[in-house]
Amino acid sequence: MPNEALIVVDMQNDFCEGGALAVPGAGAVVPMVNRLITRYDNIVLTQDWHPAGHASFASSWADGQPFSAVKFPYGPQILWPDHCVQGTPGAAFHPELIVTKAQVIVRKGHHKGIDSYSAFRENDKMTRTGLAGYLKARGLSRLIFCGLALDYCVAWSAIDARQAGFDVGVVLEATAAIDLEGSRKRMLTEMRQAGINLNLTA
Ligand code: VGL
Ligand code: ZN
């Protein structure tokens with residue numbers, strides 16, 4: 001369909017097996033995502049792209065514990081292991097990911113003090129990446145999401161997309177979750193309540 005775009009979220013080495021913030025089952029997602037990429041004409045890749053010493057890294061704080069929840073000026077934030085540092089192999093796309101068809105790559109999390117799970121809006125809920133404007137300018141109104149991690153960057157992106165007025169679906173079998181303290185189940189419920197179609201297949 002000419003008005004559809006596939007949004008491939010954060011298929012990067014650090015989120016795959018052996019990476020700094022490996023998502024369980026990420027390797028199995030790569031062939032599923034590639035199958036989707038071959039089927040869609042309009043492809044957007046997102047890339048988590050942090051400067052060294054990013055505020056979301058536990059190592060940036062005295063006593064910072066990876067996977068702990070803390071309070072940032074803009075609200076709650078989880079501290080993560082150092083990951084997806086700009087220009088490092090961990091920030092590169094998985095070597096088997098089909099990247100040639102992508103028309104745009106959206107990099108996010110580049111502001112040192114603000115994390116960005118969503119590909120549309122940073123975690124301060126104010127700073128916009130420009131992706132909504134890009135998609136609207138191209139007449140792409142129906143968005144299909146896949147990639148990593150289901151319960152963080154995929155879910156936050158999909159929910160923001162609904163709020164921005166897009167028709168949204170997620171291909172669950174082409175995702176994998178971090179599942180931190182029930183986050184997988186919680187975000188599936190939130191996505192369903194937001195009117196996101198979770199019944200798509202690869
Ligand atoms: C992500 C945690 C931190 C993700 C990115 O891609 O889901 N999660 N940075
Ligand atoms: Zn990140």
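Predicted model: local features only at pLDDT ≥ 70, side-chain atom pairs only at ≥ 80, totals over all residues.
A backbone N or O atom of A149 lies 3.0 Å from an oxygen atom of ligand 1.

In the side chain of D10, an N or O atom is 2.6 Å from an oxygen atom of ligand 1. The side chain of D48 has an N or O atom 3.1 Å from a nitrogen atom of ligand 1.

## The surrounding shell

Ligand 1 is surrounded by D10, F15, L21, D48, W80, H83, L148, A149, Y152 and C153. By residue class, this shell divides into seven nonpolar, one polar and two charged residues. D10 and D48 count as charged because Asp belongs to that class, and both also make the side-chain contacts given above.

The space that ligand 1 takes up is the largest cavity.

## The β3–β4 hairpin

A separate feature is the pairing of two strands. Strand β3 covers residues 69-72 and strand β4 covers residues 75-78. The two run antiparallel and are joined by four bridges. Together β3 and β4 form a hairpin, with two residues between them.

Across this pairing, V70 stands opposite Q77 in β4. In a regular strand, side chains alternate between the two faces of the sheet.

Notes
Residues numbered from 1 in each chain as written. Chains lettered and ligands numbered in written order. Heavy atoms only, no water. Near = heavy atom within 4 Å. Polar contact = N/O pair within 3.5 Å; in protein donor to acceptor, adjacent residues only side chain to side chain. 1 Å grid on protein atoms, 1.4 Å probe; cavity = no way out; pocket = protein on both sides within 12 Å on 5 of 7 lines; lining within 4 Å. Sits in = over half its atoms within 2 Å of the grid points. Pairing = 2+ DSSP bridges.
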